[in-house]
Each structure stands twice: as C-alpha cells, then as structure tokens.
Amino acid sequence: MEELHASLADPLLDAMTFLNEVTTRYPRAVSFAPGRPYEGFFEPEDVHTYLDAYLDHLEAAGAGRDAVRTTLFQYGPTKGIIADLVARTLANDEGLAVPPEALVLTVGAQEGMLLTLRALCAGPDDVLLVSSPCYVGVTGAARLLDLTTVPVPEGPDGGPDPEAVRTAARAVRAAGRRPRALYVVPDFANPSGASMPLPARARLLDAAAEEGLLVVEDNPYGFFARRPGERPTLKALDRRRQVVYLGSFAKTCFPGARLGYVVADQEVAGPGGRRSLLADELAKLKSMTTVNTPALSQAVIGGMLLRHDCRLRAANAPATAHYAANLTVLLRELELYFPASERRRLGVSWNRPEGGFFVVLTVSFAADEAAMERCARDHGVLWTPMAPFYPAGGGEHRLRLSVSSLTESQIVDGVAALARFVREENAPDPDE
C-alpha cells in the first residue's frame, strides 16, 4: 500500500511509540518518563468492591435483575450511565453546577479531545490555538483530523499569555482563516508543570471572548494541587458558556478503566432553528466511533464515586500528599547534584512547579531520543525529550522529568545517575 494519511509520516506520532519501546528495552532503568499514577495506590480487590457498590446503587434505585443485566451487559446510552454521579462530584470538588445532560462519558479524555475537535472543525480554514509547549495528545488528534494548530507561548506565570492569544487569533484572521478554539491545561500542565494564577485565568477568558474563541480546558492534574481550591478551573469561572471542559479518572481513580468525560453545555443552533446542547452533538459523533463507553468501566468508577460520597479530593488526599512529597524530593535532589556554583558552567536550570507530576530540566546539549537512549543504556535513567511538545519547533535542550510513578529512593538514585549523565555530556571531547 502506497498512499496512507499524511499524519502517519509525522514524527509526532512516532514520539510516544519510541518512548514505549525504549522503556521496554531498559526495564530496570529508573524512569522519569511516564506521567502515570503510582501503582501503590491500587489493589485488585478494589475492582470488586467498587463494582458491588454500583450494583447496590442500582438496586437501591429500584432496578430489578433484568434492568441491571441490561445496564452492565448491553450497549448503553451513548452519553453514558453515570453522568449524574460525575455531575455530583464536579459540584462537590470543583464548584461546578453541571446538568448531567451536558456530560458525555468517553473512552479516556483522548476520545473527548477527538470528539470536541471534530465537532468544532467546521471547515478547512478553522484553526486551533494551543499553548506551547503543549500536550502531544491534542496536537496529534488535530493532525489526524487535518486541523491546523497555531502555538501560543506560555506566559511568565504559566499558561498561554492572554495578549499572545489575541495576537495569534488576529494573525490567523488576517490570513483569511478562522481561529476556532484555544486548548489549555491551566493546572500543572503536561509537559511544563506550569499553573495559571487566578488573575491570568480571568484575563485569558476575557481575551478568548473578545476573539470569539471557545476554550477547551483539559484538567487531569488539578486534583493534585498542594492547596486544593486555591485556583478555580476555567469552567468554574465561565460565565459565558465559552469553556468546554475535559476531565479524566485516569490520574485520580483507575487508569485502566480508560474513563473520561466532556462537559459541553454550549447551546447549538441546528437546521430549521433546532436547538441542542453541544454534548448531544458530540454524542452523535461518538455513536459513529466507539458507539458507547464500556458499562463495566463506568460501573467501577461509579462505585468508587459512591463509596467516597462523590468527593474525590478527600479520597485522593493520600495520593496528593505522595505526589507533593515526590516533587519536593526531586527539587531537593536537583539542588544537591547541581549546586548554583555549577549550573552556569553546565548550562543547567529547571522550573519549580507548585504541584503536579512534572519538572522541566534545561541542559546545554541536545536532549533528543538518541541522548535519552544513551542515558538509559549507560546510566539506567529514562526521561522524556521536550521537543515533540513544541508544535512550531523548540525545546531541543529541554527534558521532562515525571515523579508520579516513582518512590522516594528511586528519585534519589535517578537524579544521581542523571547528574552523572549530564556531566558526561558536558565533558570535552578528548579527540578535539
């Protein structure tokens, strides 16, 4: 076969494949690469506990054996079966008053991105603005859909700079195209770890409204703030229904369940003046892709929500403390192995996020896939190159360190080995 979609030749789609392969080749390496939750918080018997809790919930609601059988074993509603529980959780944890009918349960947040971008991409001239650096999942999804992305640099405080959003939107419009939406991760963003201060959030929403942009807010890490609730989500601040909110239970509950959701409460005008919610339009697209989201995954997550009274922040307090402690250890060890007196000589610096999973380290050499493989082979440490996270190029001398899946001792050993690698890369070539 000769002609396949052009996205398959895009290096962006190879980045994650390479990372998975190199991890397999070096299984004993300390891996700062994956942004997955720590497995110590999962127990196999919990699956049965949560499933039983959901079955009890159905029975208490009056569902008979036949209705329960249908709920669990058959194709279910395209929009999902636990929207009411998710809505209650959003109200308790995020202060979001979301009607269940505005929710679509999805196969991970990634499906939510694809559905949202497909719906918003009304024509070939539509453009998606993305923060830069940016999560590769959304730029990859845009590439699959032939949707052009335009990067907006992060501001000094984190998140896309509001003035840069205005400038980018106007430049797109001046080129005869339509800036359609802005994708942003306001809390502990992947990959930068940056978070937007409250005043910047309000300015960003104002800038987006002035430019006629929907805001696609992705919030997988907000639960892991050191001070929960200090910075409300963009959706909680949304007074114009301009924010489409993507959520996931991967980081907070159960990654293997592959359960995400979209809050899409915008009103849509259809043919003949018909009005509907954007969530209903996303469900139409979903019905032609994954058809529906697995009922068993929803039942397990639904049972987890019920067991914790639809309050995940309280339930996740031990995980939040674990990730905060890991981040503190990583920053402490970086200070230890790269003292201020040596940083300029080595060309090393890093940011200091307030929470979340990620820290970005800047180095003097090219932090590419070849360097990562040398580091894994010779020093037993893996990390993630940052260049794929920059849609318009950049990040060649940056690498991402994730602490989410490691123990304290692994972080200590990993930073020591990483420091040896960095110094080796900076050593003069004896042949020169």
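How exposed is D309, in terms of its relative accessible area? D309 is partly exposed, with a relative accessible area of 45%, where buried means under 20%, exposed over 50% and partly exposed in between, for a 1.4 Å probe and protein chains only. The model is predicted, so that local features need pLDDT of at least 70 and side-chain atom pairs count only at pLDDT 80 or more, whereas totals for chains, interfaces and linings use all residues. Residues are numbered from 1 along each chain as its sequence is written, and side-chain values use heavy atoms, with hydrogens and water left out.

**View 1. The whole protein, with 16 helices and 15 strands.** Helices (H or I, at least four residues) and strands (E, at least two) are DSSP runs numbered from the N terminus. The C-alpha atoms fill a box of roughly 75 × 55 × 55 Å along the principal axes. The radius of gyration is 22 Å, which agrees with the value near 22 Å that a compact globule of 432 residues would have; this radius is taken over C-alpha atoms, and the globule rule is 2.2 Å times the number of residues to the power 0.38. Of the 432 residues, 52% count as buried. Among contacts (heavy atoms within 4.5 Å) between residues at least 6 apart in sequence, 74% join residues at least 24 apart.

**View 2. The open sheet of seven strands, in the order 2-8-7-6-5-3-4.** The pairing in this sheet is mixed, and two strands are taken to pair if DSSP finds at least two bridges between them. The edge strands, each pairing on one side only, are strand 2 (103-107) and strand 4 (148-153), and the twist averages 25° from one strand to the next, with axes fitted as lines to C-alpha atoms and angles running from 0 to 180 degrees between N-to-C directions. Strand 2 pairs with strand 8 in the antiparallel sense over five bridges, and T106 has G260 in strand 8 as its bridge partner. Strand 7 (residues 243-248) and strand 8 (residues 259-263) are also paired in the antiparallel sense, over four bridges, with Y245 opposite V263. Four of the five residues of strand 2 are buried, so this strand is largely enclosed by the rest of the structure.

**View 3. The largest nonpolar core, which has 67 residues.** Such a core is a set of buried Ala, Val, Leu, Ile, Met, Phe, Trp, Tyr and Cys residues joined through side-chain atoms within 4.5 Å. The residues with the most contacts inside this core include V86, L90, L103 and Y261. Leaving aside neighbours within four places in sequence, L90 is in contact with G95, L96, V98, L103, Y245, Y261 and V263. A second, separate core of 38 residues includes V30, V363, F365 and V381.

**View 4. Aromatic pairs, of which the count comes to eleven.** Rings of Phe, Tyr and Trp (its six-membered ring) pair if their centres lie within 6.5 Å, and planes under 30 degrees apart count as stacked, over 60 as edge-to-face and the rest as tilted. F41 and Y323 form an edge-to-face pair, 6.4 Å centre to centre with 65° between the planes. F41 lies in the loop between strand 1 (30-31) and helix 2 (45-60) and Y323 in helix 13 (residues 317-337), so the pair ties together parts that are 282 residues apart in sequence. F41 is partly exposed at 34% relative accessible area, whereas Y323 counts as buried at 2%. The rings of F338 and W350 have their centres 6.3 Å apart and their planes at 50°, so this pair is tilted; both residues are buried.

**View 5. The loop between strand 5 (178-184) and helix 8, where D187 is found.** At 6% relative accessibility, D187 counts as buried. Apart from neighbours within four places in sequence, the contacts of D187 include A194, R201, Y221 and R231. P191 is found in this loop too, and the peptide bond from N190 to P191 is cis, with omega near 20°.

**View 6. Two residues with positive phi, V291 and D309.** Most residues other than glycine have a negative phi. V291, in the loop between helix 10 (278-287) and helix 11 (295-307), has a phi of about 70° and is partly exposed, with a relative accessible area of 40%. D309 lies in the loop between helix 11 and helix 12 (312-315), with a phi of about 55°.
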